[in-house]
Amino acid sequence: MVEEENLTLPITGRYVPVMRSDGPALMPVFRSQHQAELLMWLLLHPEQEYGVTEMAARLGVPLSTLHREVIRLDQAGLIRSRTQGRNRLIRANVDHPAAKALTQLLEITFGPRAVIAEEFAIEGAEQVVIFGSWAARYEGQAGPPPHDIDVLVVGKVDRADLYDAADRANARLGIEVNPVVRTAKQWADPADALVAQIKESAHVTVLDSREQVSS
């Protein structure tokens with residue numbers, strides 16, 4: 001993930017330490033990976049409204065961190081928020097002039113986390129894992145932009161359903177999606193060469209039927 005480094009800035013003749021977060025490797029134009037992921041999820045689901053606490057759990061981000069990003073995006077007019085009791089509800093501001101362009105940008109960069117999870121939620125899929133170059137960039141490893149998305153589905157699925165899901169994801173993302181399947185037993189077998197390779201390198205679990213996050 002994104003690492004932080006200490007810097008010092010000269011202020012009135014003294015050097016004061018501050019923290020700087022590098023932009024995400026997938027698309028470093030964003031302030032942080034948390035900001036990009038939050039904006040991605042809201043723009044890719046513009047018809048839905050989410051609680052900040054729910055979104056922090058969904059993205060695996062500390063609530064305080066996500067709250068700061070919500071404030072920044074709200075002030076910029078990219079999202080809309082309202083309070084309901086003690087809850088703060090947020091959604092994308094699709095009327096913002098940059099909304100369409102940002103949606104396209106985020107869909108092809110951070111979008112696979114949401115798109116792959118949605119399209120590969122097929123019968124028999126217990127887990128869905130993205131590996132390969134996209135996962136490496138997502139985890140903060142420097143390198144060229146990914147040209148395809150490698151997807152592992154754990155479970156017993158119909159091959160036609162699997163390839164239909166890949167075609168739908170390809171159409172949404174505009175990038176080739178390469179699916180493979182392993183049973184739960186194979187996924188737990190360290191002797192399986194592909195499984196060992198995936199587990200030893202960057203990989204992102206985008207769907208786990210055993211730990212569903214409610215929508």
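A residue counts as buried when its relative accessible area is under 20%. R113 has 14% relative accessibility, so R113 counts as buried. This is a predicted model. The protein has nine helices and nine strands.

**Overall picture**
- Of the 215 residues in the protein, 42% are buried.
- The accessible surface comes to about 11,600 Å². Carbon and sulfur atoms hold 51% of that surface.
- Take the contacts with a separation of 6 or more: 63% of them join residues 24 or more positions apart.

**Salt bridges across the chain**
- The structure holds 11 salt bridges.
- One of them joins the side chains of R113 and E37, at 3.0 Å from N to O. R113 sits in helix α5 and E37 in helix α1, so the pair ties together parts 76 residues apart in sequence.
- E37 counts as buried because its relative accessibility is 1%.
- R82 bridges to E49, with the closest N and O atoms 2.8 Å apart. R82 is in strand β4, E49 is in the loop between α1 and β3, and 33 residues separate them.
- R82 is partly exposed at 39%, and E49 is partly exposed at 30%.

**Salt bridges: a helix pair and a network**
- R58 and E54 meet in a salt bridge at 3.4 Å, N to O. Both lie in helix α2, four residues apart, about one turn of the helix.
- R58 is buried at 14%, whereas E54 is partly exposed at 24%.
- E118, E119, R168 and R172 are linked in a network of salt bridges.

**Surface charge**
- E123, D158, D161, D164 and D167 form a negative surface patch.
- D167 lies in helix α7, residues 159-173. D167 is exposed, with a relative accessible area of 51%.

Methods. Residues are numbered from 1 along each chain as its sequence is written. This is a predicted model: local features need pLDDT of at least 70, side-chain atom pairs count only at pLDDT 80 or more; totals for chains, interfaces and linings use all residues. Side-chain values use heavy atoms; hydrogens and water are left out. Patches are made of residues with over 30% relative accessible area and no salt bridge: like charges are joined within 9 Å, nonpolar side chains (Val, Leu, Ile, Met, Phe, Trp, Tyr) within 5 Å. Accessible areas come from the Shrake-Rupley method with a 1.4 Å probe; for residues, only the protein chains shown count as cover. A salt bridge is a side-chain nitrogen of Lys or Arg within 4 Å of a carboxyl oxygen of Asp or Glu. Lys and Arg count as positive and Asp and Glu as negative; His and the chain ends are not counted. The place of a charge is taken as NZ of Lys, CZ of Arg, CG of Asp or CD of Glu. Helices (H or I, at least four residues) and strands (E, at least two) are DSSP runs, numbered from the N terminus. Buried means under 20% relative accessible area, exposed over 50%, partly exposed in between (1.4 Å probe, protein chains only). Contact means heavy atoms within 4.5 Å.
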